[in-house]
Amino acid sequence: MIWGVLQFPGSCDERDAQHALELAGGETRLVWHEETDLSGIDGIVVPGGFSYGDYLRVGAIASFAPAMNAVADFAAAGGPVLGICNGFQVLCEAGLLPGALLTNEGTRFICRQGDLITGDAESPWLSELAPGTSISIPFKHQTGRYFAPPEMLDAVESNNQVAFRYAPGQNPNGSLNDIAGVTNEAGNVLGLMPHPEHAVEAFTGSTDGLRLFRGPAGVAV
Amino acid sequence: MAKHRELGLTDDEFELIKQKMDREPNAVELAMFSLLWSEHCAYKHSRKLLKNLPTEGPRVVMGPGENAGAVDIGNGWSIAFKVESHNHPSAVEPFQGAATGVGGILRDVIALGARPIAILDSLRFGELDTERTRYLVDGVVRGIGHYGNSMGIPTVGGEIYFEPPYEQNCLVNAMCVGIARTDEMVRAAAAGTGNMVVLFGSKTGRDGIGGASVLASAELEEGDASKRPTVQIGDPFEESKVLECCQELLGNDLLVSLQDLGAAGLTSSAGEMAAAGGTGIDIDVGLVPLREADMEPFEIMVSESQERMLAVVTPEMVDDVLAICTKWQTDSAVIGEVTDTGDFRILRNGELEGEIAVDALVDGCPLYDLDPVEPSEWIYGNNVTLDENAGPSEIALSLLGASSIASKQWAYDQYDSIVGSRTVHRAGAADAAVLDIPESDRAIAISIDGNGRRVAGAPFQGTIEATLECAANLACVGAEPLGVTNCLNFGNPEKPTVAWQLSQSVLGLTEACEALGLPVVGGNVSLYNETPSGPIYPTPVIGMVGELPDPFKSGGQPWEDSNWVALVGPFNPSLAGSELEKSRGQLGQGLPDVDIAPVKAAIELVRDAVRSGKIRTARDVSDGGITTLLSEMALDSGVGCDVSLAPVIALHDCSEEDALFGEAPGGFILAGDRKAIEELGGKGVQIELLGRVEGNEVKVAAGESSVEILVAEAKAAFESLPHRIEA
Amino acid sequence: MITARILIRPKEGILDAQGKTVEYALPGLGFTGIEHVRVGRIVELKAENADRLDELCEKLLANPLIEDYEIEIV
């Protein structure tokens, strides 16, 4: 599979995402925020970092990039799209995922290893992760508290759009219903706050992230 | 007061300036002299001393005098690194002071053409019992996190200490490590008459006018709120764009030379580039992109607005350079030209505003000799914080909970220590940070270690100890040191006691580096860290980078149930200068002499043992002595230990308390299979089996005394710091 | 040209972590009797007219899911 990894001014983890995707068996290229031509690309990753310095609102300015218009079309056509941390924020701002991310309850930036429990969502990203599977992934963010107004939250839950929850007792930021990641209704777009691209090398102590990155290739059309 | 005195120049210095210029300097010229002849820029009181440091070695690619030092890491790649202080600004505005301190050291590494891959910080504050100290600690840690995290550069290590002499003068020393292709690194020297000078990055505003340099040349007085307007504000998003811009410019070979703008802004960057190249330089302030339209020429020349770089570019390449800056959404402009006049000329829209001979400005500052006098007694005072009836177990818990010793995870959790996918050992996880360098098929290790209290007791020995500790930390992850950077934080060098501390410390650093065969490739000096109540502890902070062949054999593992525990090295413990002595209020002058050779042998033995993969648990004994280290190791794994220090007492004829809580260089605790440990014997390094890993208690016997604490109790003490900071 | 001042606030009912942090810190600094602290943003701009300001707010300056806004023409 050929992956496009978006790059905005201020993106930080784009090369880490490329590295992870390559370890999972794909080829990658960076997609500059001004590009709109995604031909030849089988999947999109919107990486972590501080696009536009998190100015105005996390992910807000990046959500208007020309590349994001192309990503919206790509997603509408069913292509797999993954948003990690800032990428999750951008996808929410762009309306491709339900909800919003707010400042951590403790207001501080946190970086630590933690456990996620896979939810009931059906998604090409989760083809190797059955519901209930636990994975060890680093959490690192300052604006990761998942929020959706009551009706939207009910819909996310009842439509099986919860991709991951923080393991019991490990919610680091006050996210509603311990939600760490969600999908869109069709399941091809998935966003999560923790960083699977930092759990792909044995020397970090966990390679669970690879199971997420290998997902779409496992169901490739 | 005469203008020159207001700007920090002495009458003699002013006379010398008039002599060199053959006239009185005008306002712009005087402002420029006052900055470049300040202690911070000219190293007036330290330059003569620093000439003694060893700076050469087979792996050195860039030495002192360039933007940062660099060592060859193999396969065509080099590792660049440097440490710098931002003490005074952090005491005035901790968040921005620390943030811009990080930004500044990043730019030094970026200016070399390297991509930063790690940050470490050495921080020192007063005790946590004041609101102000808690405010400083909180602000500094948030500031470091803010800048490093936003740039996507991991903060992988550091240290935090709390001692009364730093209460009014906190220390914030930031170290950056970067990677570059050896033949693509760029020097700072301007070259080529007729070449253009390009400024890019943030617009220039009034940040820090009269800022870092001036603050660093004068002691802090009461009521420093009025200095707040001169503090610089950092924008890490801008710097991340500047970094990518620099990498692209250098990757396309578009620059003759590159320099970052730091203290004294355009004046020092342009001046130093010209001095290094032996050229003259013309700068037209009318061409500088400004944030505020009505800035005076002198303001533009001394502004310390952050995130700016200066480049020398051949005329044919200028358009390409400006185009790349535009792509990265960063302001840029041609603001001057390299000349052959030997003069630094300042123009405004073509009109001459000032003219100074480059060598007078950059190298003409008088260098001063120090007048060292050894103090007859301990000048720093003492506080009793330990109950005089405390038995060994209570002492053990008290030391674990001491602010300087307790877990710093509260701070490390606020730093992204994993971005970049190189981090093998995260901040706080092992004695040194380890980063994978697949480009060169190996890993590097980094440690930053300073000492104030012990150096105050004996500057020569204390500085040797700090250097040895840094090398010992690297050994615990299997790394061999390649080079040293250092930041020397001292009080007012014009005072005889501080002069003595500084001279002795540099002599100690020289001795240790020569004995270890390590070159000093760069560093920083921060003087005048002093208030009316006295100087800080003399605090040399040592940063070291080393290499190891295999990141999978880099120690850092917790010990395991039934492992054997051994003490390795010449470790001859004493309570002199120790954390226990501090808590008893008994600190004084003097430390035992240090015999470097056996410590060096132990360091090499431990390094090889870890590299072989046979020993996966190795830690060096430092603050709080053996008992404290054993307790920390028990907490790391959840399993306690049962050991006896009888061999230590017998070998060194020391007291029971010395054995339990004494400190000294050259002590390592290793844990593993008995066979693996015994195989290390017979190589001339002292190895003593102390006992086994087992149970839920830390039991340390020393003659009639013994420590017996539950691992759970140790945990509560060791994890008590956050409560004190967020009180 | 008009000058507009747009005040953006977290919606009522949403946990405002920054506002709460400020509120909790106040008694320790000697301020009592202060409650319901909310931390928002002000955006000031000059425009030819007010025609598209609501659209600007809805699309970019505020996130209607989590924020309210008020436009003031100065």
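1. Two strands pair if DSSP finds at least two bridges between them. In chain B, strand E15 (residues 433-437) and strand E16 (residues 442-450) run antiparallel and are joined by five bridges. Ala433(B) has Ile446(B) of E16(B) as its bridge partner. Strands (E, at least two residues) and helices (H or I, at least four residues) are DSSP runs, numbered from the N terminus.

2. A note on what you're looking at: this is a predicted model, where local features need pLDDT of at least 70, side-chain atom pairs count only at pLDDT 80 or more, and totals for chains, interfaces and linings use all residues. Residues are numbered from 1 along each chain as its sequence is written, with chains lettered from A and ligands numbered from 1 in the order in which they are written.

3. Back to the sheet. Its six strands form an open, mixed sheet in the order E14-E15-E16-E21-E17-E18 (chain B). E14 (423-425) and E18 (520-526) of chain B are the edge strands, each pairing on one side only.

4. On to the interface: 20 residues of chain A are in contact (C-beta atoms, placed from the backbone, within 7 Å) with 21 residues of chain B. E6(A) gives the most to chain A's side, with three residues.

5. Now confidence. pLDDT is the predictor's confidence in each residue, from 0 to 100. Chain B has a mean of 94, with 97% of its residues at 70 or more. Still, residues 211-217 of chain B are below 50, and residues 224-229 of chain B stay under 50 too.

Definitions and conventions
Contact = placed C-beta atoms within 7 Å.
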